[in-house]
Structures are given as C-alpha cells and as structure tokens.
Amino acid sequence: GKLSNGKGGFMLGDGTLPNSDYNASSALTHFYIMNDQRLYKLFRLIYGLRVERFNQKLSSLKNLNETVDINSVVTDLLPSVNFAYAVTPKTNIRLSYSKTINRPEFRELAPFLFFDYQTTYTFEGTESLKRAIINNYDFRYELFPGKAQLISFSAFYKDFKNPIEIVSLPNTTNQTKYINTTSAKVYGAEAEFRILLSSLLGIKKENSFTGRFTLSANASYLKSSVKLADSLFGYSAAQLFKDRALLGQSPYILNGSIGYNDEKNGFSATISANRVGDRIYVAGTFNTADIYEKARTILDFQCAKTFLKDAIELKFTAKDILSQNISFYFDYDRSKSFTDKDRYFSKTITPKTFTLTATLKL
C-alpha cells in the first residue's frame, strides 16, 4: 500500500486481544516440625508435619464484558512418616508415607490462549483449576555392601486427587486446555545399585585398580491410570477416552553409569545413559488422539584432570552424544508406542554438545 507521503510501505495493526495479559502474585507462609528417634537400637522413626498457607492472586479479562479475579487462600497440612528397621548392620527395611501437593501455575489459571511456536498448538488456562493432592506410599529394602555401595529394591503407590492435565478440546484444531481430572493412581517398582567393580569381581585387595570403577544403575517400572469426571466438554467420560496413563507418566525409567576415579593422579571420568519411556504430552479427547513424546536415549560423557595439587582443573564434557531427535506423535491406534499407523506430530533435532573448561583455584 501507499503511505501518506506517496511512498510504498506496510501497515501494521495491533491484533492483541484484551484478555492477552494478566496481573498476578503469590505468597507462601510455612513452618515445619520434625522428630527423629530411635527405638530399641534396631528401629528408627522419622516423622514430621509441614503446614503451608498459600495465597494466590490473579486478575485478567476473560472477554470484553467479563473479568476474572482470583484471590484464593489455602492452608495444607502435609505429614510425613519414615519407619526404618535395621535387620542387620548392613540391611534396612523402610516404610514411608508423605502427603504432597502440586499447585497450578499462573498461565494454567489465566483465561486466555497462548501460542506455542514449537508445536503450533494453543493452550488455554482454566480459572477454576484446583491444586492436586498426592498421597505417597513406599516400601524399600536396602543392602549396604560397604564403602559407599548400595543395593535396593522398592515398591511404591501414589494416589492423586484432582491431577492437573493438558487435554485437547473436542471439535477444535490444535487447541488444548488445562483441566483437573478427578483422580489418578500410579504404582510400580524400582531396583537400584551402586557397587565397586572390585566387589563385583570378589577382589578384596585395598587400592586395587578395579576398586576405582563404580557401576551405578536404577530401573523403574510404572503403571498409571486416570479417572475423569462423569462429563466434560458436554461428553461423557466413556466418550472422551478409554483407559490411558497419567499425563507425563512413563511406563519405565532407566539410568546407568560407569565412573572411574583415581584420587592419587587427580583423574576422573564418567559415562552415563538415561532413557525414559513414551509418555503422553497432550491427552486426547473424543475425536482426537493422545499426543505422545517418543522415548529417546541420552548418552553423556565427562572427564577431568587436576594439576599442581588440585590448583588447576581441566574438564571435558560431551552431552547427548547420540543426538536422537525429540519427537512427538499422534497415537492413532492407541498402542501407547509409535507404529506404522501413527503419525509424527513434531521432530526437533538435538545437537551434540562438547565443552572444554579450565579452572584455576587461587
């Protein structure tokens, strides 16, 4: 178009909606009391209570004629109990319970749409969003072979009330909303070990070469399920979806590392790997499929060498060596894993990162 001076140009208009911002604040007041006591030398009981008073305020326009003013004050009593029984000097059995909470963020409450440029999806807040309440139950068996070594097995159960999730809005295109589902349950088992290579090989010699290597790993297997309200967005729970996992909950988590530490020569190195199973990023509703984040393996390496009595340290770090894509996909066949029937939602290339640093201690 032409400007008033007759020259060509562009005219820009402000397309900002009235409800595209908000004013918000929060204040947390808390105190904690705890007691740690031993009973008959073999038993240990650690228990406490945390009291939190949380005040959250948010003011925003919902539309041209309606405002949203949130000023909520909630006081929570959060107890925790940890009971330990020393079966032998190197073996423990632990039972624990704790109550925790997950509060909504400001943007999850604010009643406006914000655009995510990476996924091309819009996200809408819900002003009536409640905090999630979680009851955690754990059983753990621990064995200590010696010299900072550990072998443990545990089972756990978590009960959620009003978990906060992101769901696709029915009959819309690329639009999601934060909601409270009614409840959720997560349970599973975990195995963990941290052991010296010398102990694994049965070598008892002090300061042996194999004693410089530490092998560590933990593996978790998890199951979760979600319960919706009887109706949502005008549809019944049965219409919205069948059985699915809790948003963001993976069916398994794997971690492992091999470390080498030579204190005499000031050299150390660690290679570690991590893998998290496919997990829901946006929950599908009615005629939309769940969007899953695809599992990927992350491999990292780090080594360091000190000089002049630890006055100088050189450190080399290599992160995400495998450089696997961060991928999201539509789970059309509801198999909870990527198959030929599914379609990719987005892919992000992750670069390898190499860093060399030098530190001087004066």
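Visitor: What counts as a pair of strands here?

Guide: Two strands pair if DSSP finds at least two bridges between them, and the strands themselves are DSSP runs of E with at least two residues, numbered from the N terminus. This is a predicted model, in which local features need pLDDT of at least 70 and side-chain atom pairs count only at pLDDT 80 or more, while totals for chains, interfaces and linings use all residues. Residues are numbered from 1 along each chain as its sequence is written, and side-chain values use heavy atoms, with hydrogens and water left out.

Visitor: How many bridges join strand β21 to β22?

Guide: In general, the strands of a sheet pair through backbone hydrogen bonds, in either a parallel or an antiparallel sense. Here five bridges join β21 (residues 326-330) to β22, and the two run antiparallel; Tyr329 stands opposite Tyr344 in β22.

Visitor: In which order do the strands of the open sheet with antiparallel pairing stand?

Guide: Its four strands follow the order β17-β18-β21-β22. At the edges stand β17 (279-282) and β22 (343-348), each with a single partner strand, so one side of each has no neighbour in the sheet. Neighbouring strands of this sheet are turned by 30 degrees against each other on average, direction ignored, where the axes are lines fitted to C-alpha atoms (for helices over the stretch in contact) and angles run from 0 to 180 degrees between N-to-C directions.

Visitor: Which open sheet has mixed pairing?

Guide: That is the sheet of four strands in the order β5-β6-β10-β9, whose edge strands β5 (113-116) and β9 (164-168) each pair on one side only. Within the sheet, β6 (residues 121-124) and β10 (residues 175-180) pair in the parallel sense over three bridges, and Phe123 stands opposite Thr176 in β10.

Visitor: How many aromatic pairs does the structure hold?

Guide: Rings of Phe, Tyr and Trp (its six-membered ring) pair if their centres lie within 6.5 Å, and planes under 30 degrees apart count as stacked, over 60 as edge-to-face and the rest as tilted. The structure holds 22 such pairs. In one of them, the rings of Tyr281 and Phe328 have centres 4.8 Å apart and planes at 50 degrees, so the pair is tilted. Because Tyr281 lies in strand β17 and Phe328 in strand β21, the pair ties together parts that are 47 residues apart in sequence. Elsewhere, Tyr22, Phe106, Phe112, Phe114, Phe123 and Tyr178 form one aromatic cluster.

Visitor: Is Phe328 buried or exposed?

Guide: Buried means under 20% relative accessible area, exposed over 50% and partly exposed in between (1.4 Å probe, protein chains only). Phe328, with a relative accessible area of 8%, is therefore buried, whereas Tyr281, at 24% relative accessibility, counts as partly exposed. Asn92, which lies in strand β4 (residues 91-102), counts as buried at 16% relative accessibility.

Visitor: Which residues does Asn92 touch?

Guide: Contact means heavy atoms within 4.5 Å. Not counting residues up to four places away in sequence, Asn92 touches Tyr85, Ala86, Arg140, Tyr141, Glu142 and Phe144.

Visitor: Over which ring does the charged end of Lys305 sit?

Guide: A charge sits over a ring if NZ of Lys or CZ of Arg is within 6 Å of the ring centre and within 35 degrees of the ring normal. The charged end of Lys305 sits over the ring of Phe307, 4.6 Å from its centre, and Arg103 lies over the face of Phe54, at 4.3 Å from the ring centre.
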